[in-house]
Amino acid sequence: MSSSYLPATTDSIAQALEAKAPSEAISILYRILENPSSSSEALRIKEQAITNLTDLLRQENRAEDLRNLLTQLRPFFNLIPKAKTAKIVRSIIDAVAKVPDTSDLQISLCKEMVQWTRAEKRTFLRQRVEARLASLLMESKEYSEALSLLSGLIKEVRRLDDKLLLVDIDLLESKLHFSLRNLPKAKASLTAARTAANSIYVPPAQQGTIDLQSGILHAEEKDYKTAYSYFFEAFEAFNALEDPRAVFSLKYMLLCKIMVSQADDVAGIISSKAGLQYVGPELDAMKAVADAHSKRSLKLFETALRDFKAQLEEDPIVHRHLSSLYDTLLEQNLCRLIEPFSRVEIAHIAELIELPIDHVEKKLSQMILDKKFAGTLDQGAGCLIIFDDPKTDAIYPATLETISNIGKVVDSLYVRSAKIMA
């Protein structure tokens, strides 16, 4: 960085734009920011220089320099309105977020900015940076810290009645409780977000996020038809905005179709006008699962899980539902195969179902414990012994009914004797 500053004029900005190398442009913009002038024109040019510098540093993946830029600009922030300061700070934090593998840096940067905003009494900016920090902590699986930060922030924002920020925070809290598997609280937070959203204008992207979260929670409760309608609403919002989350909404729509045994509809949705825009590994993965489900083939199901591991197993929402679908499919297939036998080798069942022996043995023992069928495993002989379904003995319920009737007779006799004695 050169020690001599450049005049804060449009010519200096043009000089930076005409620079052949990004490093040269960055150096020129830094020199413009060093200009001590605080006239209204100079401040306007410096704001333009900050915007250009932020874009260049992001393109060069210089996240640490973006962080240092925020620290360097603090004296400048005292010269411009608080609203403009908030806009610049948030744009630089957003730029750092676009640089790969910077989650730890983003967290430390947000913590620094929270401390600075507290010292400067910039409440509006601090609340938004804290909400961003809570989101980053949740992504880093620091759930307890994120929850404690949000609980204090919600009380403060409710007191100020900042509805738009309140929608953001309630939605974030719902996602956080969902990650902690606390569904009642996740639903309560989502209801609070919807209530706040109903009283203000909510941007389409935010409304799409609310619908997406609603769909996820309904799917978790096995209400796949309602979940599908929410995912469809989210998909339409994200598709109109060309938001990358549109493909995930479409993927979850297909998941709902598979879970309600309408796997045949999946190919139609993918080949529709809207679906064709998003053809790729995410949709190919769901198509492979739908084919396996239609054919009731566990081998095809396992092949799909193996071939599309990133799209199926690494997506926690899809993985959770497909795990239960796989278990159901496996149990149905095993029950159908063992039905004709009273004693059968486990190796023979494994061969019929085309799965490893240890996998089949483990599942059979689980099904016996869950009372899906009556039987036992003879591991010495490597056999499964199936018992006839035990007939329920009618003597116990009959005895209970007799005792109950005797009790009624005794009560009736007691009432009559009491009347005679009176």
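User: In this predicted model, which helices do the buried residues of H2 pack against?

Analyst: The structure is a predicted model, and the buried residues of H2 are Ala25, Ile26, Ile28, Leu29, Tyr30, Arg31, Ile32 and Leu33. The helices that these buried residues pack against are H1 (10–18), H3 (40–59) and H4 (63–72).

User: How far apart are the end C-alpha atoms of helix H2?

Analyst: Helix H2 covers residues 22–33, and at 1.5 Å a residue its 12 residues should span 16 Å.

User: Which residues is Thr102 in contact with, leaving aside its neighbours within four places in sequence?

Analyst: Thr102 is found in the loop between helix H6 (82–97) and helix H7 (103–120). Its relative accessible area is 8%, and because buried means under 20%, Thr102 is buried. Once the neighbours within four places in sequence are left aside, the residues in contact with Thr102 are Ala63, Val96 and Ala97.

User: What is the phi of Gly382 in the turn between E2 and E3?

Analyst: Strand E2 (residues 375–378) and strand E3 (residues 383–386) run antiparallel and are joined by 4 bridges, with Gly375 standing opposite Ile386 in E3. The two strands form a hairpin with 4 residues between them, and Gly382 in the turn has a positive phi of about 70°.

User: Is the pair of Phe76 and Phe77 stacked, edge-to-face or tilted, and which residue joins them in one aromatic cluster?

Analyst: A search of the whole structure finds 5 aromatic pairs. The ring centres of Phe76 and Phe77 are 6.4 Å apart and the planes are at 50°, so this pair is tilted. Phe76 is buried at 9% relative accessibility, and Phe77 is buried at 0%. The residue that forms one aromatic cluster with Phe76 and Phe77 is Trp116.

User: How far from the centre of the ring of Phe124 is the charged end of Arg128?

Analyst: A charge counts as sitting over a ring only within 6 Å of the ring centre and within 35 degrees of the ring normal. The charged end of Arg128 does sit over the ring of Phe124, and its distance from the centre is 3.7 Å.

Note on methods
Residues are numbered from 1 along each chain as its sequence is written. This is a predicted model: local features need pLDDT of at least 70, side-chain atom pairs count only at pLDDT 80 or more; totals for chains, interfaces and linings use all residues. Side-chain values use heavy atoms; hydrogens and water are left out. The expected span of a helix is 1.5 Å times one less than its number of residues. Buried means under 20% relative accessible area, exposed over 50%, partly exposed in between (1.4 Å probe, protein chains only). Contact means heavy atoms within 4.5 Å. Two strands pair if DSSP finds at least two bridges between them. Rings of Phe, Tyr and Trp (its six-membered ring) pair if their centres lie within 6.5 Å; planes under 30 degrees apart count as stacked, over 60 as edge-to-face and the rest as tilted.
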